[in-house]
Amino acid sequence: MTEVELDSDAVRLDIDAGVATVTLDAPAVRNALTVEVTAGVREALDSLPDETRCVVFRGANGAFCAGGDVNAMLELQAGALSLPDAVDHVVHDTADCVRRVYNCDLPTIAAIDGPAVGAGGALAIACDLQLLHEDAHVGFGFRRVGLAVDSGLSYLLPRLVGRNVAMELVYTGELLGPERALELGVVNRVAGEGEFEAELDELTDRIAGGPTKALTASKRLLRRPDDSIEAAIEHEAAAQAVIFETDDHTEGVESFMERRDPEFEGR
C-alpha cells in the first residue's frame, strides 16, 4: 500500500492494487465535513493516480462522518460568522464535496463502519455502493439541528429510496440500522464484526479487477436522468462504440472463447 501525500491533515489517501482509499481522519469532530475535511476530500480526488480503478471512502476513529460543520453553525449564532459566510461553507462548500464524490468517474464505495448522519449520510449515498457494518447506522436527521436538508440530499435520497420514503426519513430523522437500511435500499450489503474488512476486500477486488473503462461508461449510462428507452439505447450505442476498441473488451472476448477467467487491466 502506498500513501499519497496530501496537504490536508484531516484526510488520507492510500493506493493499493488500483484501489484508492480516501479516509476521513478528524477525530475531534468525528469526521464531520469541516472546511479542512471537505478540502481534503477534494484534494484526494484531484490526486488519484492514473492507475486507480475503484475509490473507497471511509472514516477513522469509529465514525464514518458525523455530518456538517456544527462549529460553523455555533459561530453563526454567536455572531462570529456572517450569514453569507455560513451559507457559503455549511451549504455550498459541504455540498460541493458531496457533489465531487457523486460525480467521480470511477466506481465508488462507502465503507460505513461507524455513524453516517446528516451530511455524512449524504456523502455515503453519493457513492455508488454502500457496505454497512452491523453496528453502524445511517441517518438524515437535519431536523435534529433545526435545518432543512442540504448537501445534495434532496436530489440523492428520493432517487435512491423514492419520494415517500425519503419524506418519512427526513421528517422523522430515523436512524437506520443494518436491517432497515438494507430493506430500504440505502445500503447494498451489511457485514458483521470480523467480516467487514473481508467483505470490503472482496467487493473492491471484484470491481478493481473489472474492465474499468466499461464500468465507468456503465456508471455514466445508469446515472442519466429521465431518458426514454430510445434515448438510452442511443447513448449505450455511443458508449459501446468506444468500449469495443479497448484492450479489456478484446481480453473479455478471448477469455470467453478460451473458457477461462478474464484478466482485465483497466485499458
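This is a predicted model: local features need pLDDT of at least 70, side-chain atom pairs count only at pLDDT 80 or more; totals for chains, interfaces and linings use all residues.
Residues are numbered from 1 along each chain as its sequence is written, and side-chain values use heavy atoms, with hydrogens and water left out.

Helix α5 spans residues 153-161 and helix α6 residues 163-172, and the two pack at an angle of about 125° with their axes 7 Å apart; axes are lines fitted to C-alpha atoms, for helices over the stretch in contact, and angles run from 0 to 180 degrees between N-to-C directions. Helices are DSSP runs (H or I, at least four residues) numbered from the N terminus. The crossing of α5 and α6 is right-handed, a crossing being right-handed if the near helix is turned clockwise from the far one by less than a right angle and left-handed if anticlockwise. Contact, meaning heavy atoms within 4.5 Å, is made by Leu157, Pro158 and Val161 of α5 and by Arg163, Val165, Ala166, Leu169 and Val170 of α6. These residues divide into 7 nonpolar, no polar and 1 charged, where Ala, Val, Leu, Ile, Met, Phe, Trp, Tyr, Cys and Pro count as nonpolar, Asp, Glu, Lys and Arg as charged, and the others, Gly among them, as polar.

Helix α5 also packs with helix α4 (residues 119-126), at an angle of about 55° and with the axes 10 Å apart, which makes α4 oblique to α5. The crossing in this pair is left-handed. From α4 the contact involves Ala122, Ile125 and Ala126, and from α5 it involves Leu153, Leu156, Leu157 and Leu160; by class, the contact has 7 nonpolar residues and no polar or charged ones.

Helices α9 (residues 212-223) and α10 (residues 229-243) pack at an angle of about 165°, with their axes 10 Å apart, and are therefore roughly antiparallel to each other. Their crossing is right-handed. Lys213, Ala214, Ala217 and Leu221 of α9 meet His235, Glu236, Ala239 and Ile243 of α10, a set made up of 5 nonpolar, 1 polar and 2 charged residues.

The domain assignment gives domain 1 (1-206) and domain 2 (210-256), with bounds that come from an automatic or database domain assignment. Their centres, taken over C-alpha atoms, are separated by 28 Å, and 10 residues of domain 1 are in contact with 6 residues of domain 2. The area buried between the domains is about 760 Å², of which carbon and sulfur atoms give 38%; buried area is the accessible area (1.4 Å probe) that two parts lose on being put together, summed over both. Arg53, Tyr102 and Asp105 supply 51% of the area that domain 1 buries against domain 2, more than any other three residues.

How values were computed. Angles under 35 degrees count as roughly parallel, over 145 as roughly antiparallel, 65 to 115 as roughly perpendicular and the rest as oblique.
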